[in-house]
Amino acid sequence: MVMKKFMNDPQRLTNELLEGYALCYPDKVKLVSEKIVVRATPKSKDKVAIVTLGGAGHEPALSGFVGEGMLDASVVGDIFAAPGAPKVVEALRMFKDNKGIILVVLNHEGDQRNAAMALMMAAKEGIKVSKIVTAEDIAPGADAPRSDRRGLGGCIPLIKILGAAAEKGLDVDEILSIAERFNERMATLAVTLKVATHPQAGQEIGALADDQMEIGMGQHGEGGGNGPELMQSADWVAETMTTKLIRALKAQPGEKIALIVNGSGATTLMEMFVVFRKAYEVATAAGLKVVASQCDELLTVQEASGFQLFIGVFDDETLALYNAPSNAPYWVQR
């Protein structure tokens, strides 16, 4: 695959994209210490801070969701790489006087390792931090241990609920209790048609033939599910994936859900809407009530073609928090 991207020095790519991002949304975010994105107007110290970490290259995730009602800070690593523990601790220090700190970690090896190291370093400084891990990918199987399940785009709706609960002034334990209820009732499954290239190395990440797709492939080209298979229609893919998600969640008729189609980077809105149409049909036929929906690019993988399908089951409290106001660059809700 020939890589064609508007770039300058590949080694400066992460710095330059973050500089441009902060310049584009100066009323909402600012860039601190090169790779820490924080709210332009800080939250009051009598509220819990919500912080996350992750590699660049998945824009708008995760820094696109820093803002009122969502994240207080996003610590950014290089392309597809977790930030180092010292940088994470640097961000955590900014909130040591808050009512508490919750660190959101996606279940990937580098993220988990560096987060664990950062928490140990923070503890030595007397900074108490709680952690919540997202691991909602059902590709390894609905009954697979959470440790074997990747964190995918479900982190974004979870962050929405965490951020709204923090804005209400709840304490750490209350926020975690609410968020974990939703965390346990959310599931994501991805499908890939065309893999991405690493924008710094110029190499393909994974491999798929022109007539193949793969349900369950991870966001960095990792294999998943049953491996590559021949390309199928939008309806077949949407029905297959939606059915798997509903079964994994053991969702019951009458339950209220969020249904999100998250484009991987090169998937058009036309395709997303066609997929959503069938997914909605399958979900409602199962007796589920779609009360929140979205077709958009929330967590991408450069020019990868495909999408992540997400279902989250609400109770009344998590639904109210999901619908609460927010003002992040890529999630504005009045």
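Me: Asp137 and Arg150: are they buried or exposed?

Reply: The model is a predicted one. In it, Asp137 is buried, and Arg150 is buried as well. The label requires a relative accessible area under 20%.

Me: What makes the contact of Asp137 with Arg150 a salt bridge?

Reply: The closest N and O atoms of Asp137 and Arg150 are 2.7 Å apart. The criterion asks for a Lys or Arg side-chain nitrogen within 4 Å of a carboxyl oxygen of Asp or Glu, so the pair qualifies.

Me: Which parts does the salt bridge of Asp315 with Arg181 tie together?

Reply: Here too the closest N and O atoms are 2.7 Å apart. Asp315 lies in the loop between E12 and helix H8 (316–322), whereas Arg181 belongs to helix H5 (residues 172–183), so the pair joins parts that are 134 residues apart in sequence.

Me: Why is Asp315 called partly exposed?

Reply: Its relative accessibility is 30%. Partly exposed covers values between the buried limit of 20% and the exposed limit of 50%, so Asp315 falls in that class. Arg181, with a relative accessible area of 34%, is also partly exposed.

Me: Why is Lys278 called buried?

Reply: Lys278 has a relative accessible area of 12%. That value is under 20%, so Lys278 counts as buried. Its salt-bridge partner is Glu281, at 2.7 Å from N to O. At 40% relative accessibility, Glu281 counts as partly exposed. Both residues lie in helix H7 (residues 269–285), three residues apart, about one turn of the helix.

Me: Which residues are linked in a network of salt bridges?

Reply: The network links Arg39, Lys43, Lys47, Asp72 and Glu167. The structure holds 20 salt bridges.

Me: How many charged residues does the lining of the largest cavity have?

Reply: The lining has no charged residues; nine are nonpolar and nine polar. The largest cavity holds about 140 Å³ of space. Of its 18 lining residues, Thr192, Gly218, Gln219, Val301 and Ala304 are the closest to its centre. E12 gives the most to this lining, with four residues.

Me: What is the make-up of the lining of the largest pocket, by class?

Reply: Ten nonpolar, three polar and two charged residues line the largest pocket. Its volume is about 280 Å³. Among the residues nearest its centre are Leu17, Leu18 and Glu59.

Conventions. Residues numbered from 1 in each chain as written. Predicted model: local features only at pLDDT ≥ 70, side-chain atom pairs only at ≥ 80, totals over all residues. Heavy atoms only, no water. 1 Å grid on protein atoms, 1.4 Å probe; cavity = no way out; pocket = protein on both sides within 12 Å on 5 of 7 lines; lining within 4 Å. Points joined across faces, edges and corners; volume = space filled by probe spheres on them. Helix = DSSP H or I, 4+ residues; strand = E, 2+ residues; numbered from the N terminus. Nonpolar A, V, L, I, M, F, W, Y, C, P; charged D, E, K, R; others polar. Buried < 20%, exposed > 50% of the residue type's maximum accessible area, 1.4 Å probe, protein only.
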